Amino acid sequence: MDDLTALRELRSDAPTAETGQLARGRWKLMAAAVSEEESGSAPARQNRLLRGRLRSTALAAVTAAAVTGGVLVALPGSSGDPGGIGEPQTVATVLAAAAITAEESPLPRPTADQWVFHDVVACDAGCGINPQWVKGDGSLWVVPEKTPVPGKKPVLEQRPTPRHATFDDIRFEPIKTYDAFAQLPTDPKALLKKVSTDPRFVLVHPIPDQPRPPVLPIAPSGRPGKPVKIEVRDPRTGKLVTRTVWTSRSVPPASRPVTPAPLTPELQYQNILALMQQAPVIPPKVNAALFKALALIPGTKLVKTPMKDAFGRPSTTISATRDSTGWLPDRNSPGKFKKVVTHFTTYLFLDPRTYVFRGYRTLIDDGRSIVPEERTRKATAVVDSPGTVEGGADWVGYKLPKWDGIPAPR
Amino acid sequence: MFASIGNAAPSAAATDDATLIARSVAEPEIFAQLYDRYAADLHRYVLRRLGAEMAEDVVGETFLIAFRQRDRYDTGRPHARPWLYGIAANLIGKHRRTELRAYRALARTGVDPVAESWSDRVDGQVTAAASRAPLAAALRSLSDGDRHVLLLIAWADLSYDEVATALGIPLGTVRSRLNRARKKMRAALGDNNPALTSEETDHG
């Protein structure tokens with residue numbers, strides 16, 4: 001054997017680093033970058049003057065944290081702090097880094113003929129995969145068959161896009177969504193105010209803290225919604241056939257108020273996560289500003305125990321908690337209500353390397369049991385045809401790891 | 001709003017390393033893109049030389065040093081890979097004793113502590129290629145400079161020219177060091193091969 005060939009074989013089974021193994025190094029680099037920009041090494045300072053634009057207050061927060069020291073956190077994938085090197089990482093530093101990433105990695109405004117591909121998982125009692133392709137103009141919505149075979153290209157079903165009949169719902173028409181977000185302010189304070197008060201951007205609603213009669217189901221009997229014809233590919237013949245399906249009940253519930261009730265900081269936090277999840281393609285400057293707006297919300301914490309999302313990926317996690325008061329009819333005293341306090345903890349999942357938004361999990365604790373819910377994304381892209389992923393390859397079915405949703409010691 | 005989006009920075013793929021480094025002098029956070037491009041490759045290289053325990057720190061340190069020296073980067077060189085491997089070579093040099101200890105262990109016992117750091121298949125390693133022990137002994141016997149040249153070519157797939165850039169040595173020195181190193185490798189393997197063949201693999 002040739003000597004170089006033999007040498008190339010030596011230790012050739014060395015694995016490529018996993019994301020988590022590289023996260024610490026990238027974090028240190030980002031911290032150095034932010035620190036330099038703020039403290040003003042000569043080239044950075046000079047350029048800052050030239051560029052004439054102020055860096056965000058979040059960046060200042062990063063530096064302050066880096067200098068004065070915040071929470072010491074071992075990133076997922078690193079084994080504690082072997083070298084004695086702890087990175088002072090705080091909610092502010094993480095969100096500032098996420099804002100930088102968001103601004104640097106834009107998804108384009110889709111054209112009317114393109115499709116927004118969004119591969120998400122929704123978990124409550126269990127997890128289900130929900131990949132979908134929404135046409136740029138919002139006219140069509142394509143989803144795979146209900147139980148795609150792992151590793152196989154699924155049969156696609158084409159449906160009319162769900163719309164809300166009574167008000168301006170920006171969520172299901174990608175171009176409209178993009179343009180609506182493009183008009184938002186990029187100043188974090190102004191943005192936080194706007195998305196917390198403009199009914200088009202308020203997706204979460206506080207429960208009124210007063211007794212109220214039970215809400216009747218929307219469709220008390222029979223099928224909910226209305227019938228629509230959809231095109232489905234017959235798996236045996238490969239031909240398109242028409243099938244009648246029933247739209248699910250209106251999205252969101254018809255009881256949604258025209259003028260939203262004021263949101264508490266905790267609900268503002270929840271609302272921004274819902275916006276990020278439901279509007280995956282928005283202008284990068286606004287996306288960055290949303291992270292900066294999140295940083296303005298008090299009461300958030302960096303989770304020290306690494307958490308895995310529904311795809312089993314270790315994530316940098318920020319948590320926020322809130323208590324919600326509700327009233328239930330009292331079984332023992334007909335006509336009376338009893339107060340119920342439910343405790344919500346919402347975890348924001350970020351990619352530990354790039355700080356890209358991945359999704360969130362909410363633990364709902366009513367004092368008797370803890371119920372987890374999760375919405376997490378695997379991929380988002382603007383593609384040319386439904387059924388494909390970024391780069392043009394076919395989407396194929398996949399399996400999710402086991403999920404129990406409730407993190408180990410909190 | 002859209003005008004500003006349309007004028008956004010060119011995508012990472014379209015920007016060469018030199019442009020990116022030049023921009024990062026003014027906008028430091030852009031340097032992270034260089035990390036995304038090369039950290040994984042560099043990590044694997046350091047992993048093969050020093051093992052898992054050191055790899056992460058050496059790669060992190062390499063990029064921090066590169067970041068601090070970025071305003072001195074020769075922007076006439078579009079690819080930053082040799083520069084990064086050069087910095088890493090210096091850092092690996094600081095862990096020389098760790099590296100040599102592993103070669104010695106492999107040469108004497110057939111068990112490679114470096115490979116063990118990412119694999120627990122010790123049994124498999126013992127029965128792996130018989131050439132590993134003599135190769136390890138030969139690697140240990142090389143001068144540091146010769147070892148850097150040989151392994152940058154064999155493990156990092158750098159071209160002669162890139163090795164010269166990485167280590168800051170003339171091309172002729174790369175050739176002579178490589179020649180010397182390969183002679184030792186060949187001797188270790190029993191010298192069954194015909195005369196040295198030129199292995200210049202210019203990736204540039």
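## Chain A: contacts and composition

Among the contacts in chain A between residues at least 6 apart in sequence, 64% join residues at least 24 apart, two residues being in contact if their C-beta atoms, placed from the backbone, lie within 7 Å. This is a predicted model, in which local features need pLDDT of at least 70 and side-chain atom pairs count only at pLDDT 80 or more, while totals for chains, interfaces and linings use all residues. Residues are numbered from 1 along each chain as its sequence is written, and chains are lettered from A, with ligands numbered from 1, in the order in which they are written.

The secondary structure of chain A comprises nine helices and 14 strands, where helices (H or I, at least four residues) and strands (E, at least two) are DSSP runs numbered from the N terminus. Of the 410 residues in chain A, 37% are buried, a residue being buried if 20 or more other C-beta atoms lie within 10 Å of its own, exposed if 12 or fewer, and partly exposed in between.

## Chain B: contacts and composition

Chain B has twelve helices and zero strands. Buried residues account for 44% of its 204 residues, and of the contacts in chain B with a separation of 6 or more, 65% are between residues 24 or more positions apart.

## Helices α3 and α4 of chain B

Helix α3 (residues 32-50) of chain B and helix α4 (residues 52-68) of chain B have axes that come within 8 Å and cross at roughly 140°; axes are lines fitted to C-alpha atoms, for helices over the stretch in contact, and angles run from 0 to 180 degrees between N-to-C directions. The two helices, α3(B) and α4(B), are therefore oblique to each other, since angles under 35 degrees count as roughly parallel, over 145 as roughly antiparallel, 65 to 115 as roughly perpendicular and the rest as oblique.

On the α3(B) side the contact includes Tyr35(B), Leu42(B) and Leu50(B), and on the α4(B) side it includes Ala52(B), Val58(B) and Phe63(B). By class, the residues of this contact divide into twelve nonpolar, two polar and no charged, with Ala, Val, Leu, Ile, Met, Phe, Trp, Tyr, Cys and Pro counted as nonpolar, Asp, Glu, Lys and Arg as charged, and the others, Gly among them, as polar.

## The interface between chains A and B

Between the two chains, 38 residues of chain A are in contact with 41 residues of chain B. On the side of chain A that touches chain B, the elements giving two or more residues are α1 (3-9), α2 (19-39) and α3 (42-51) of chain A, and the largest share, 13 residues, comes from α2(A). That side of chain A has 21 nonpolar, six polar and eleven charged residues.
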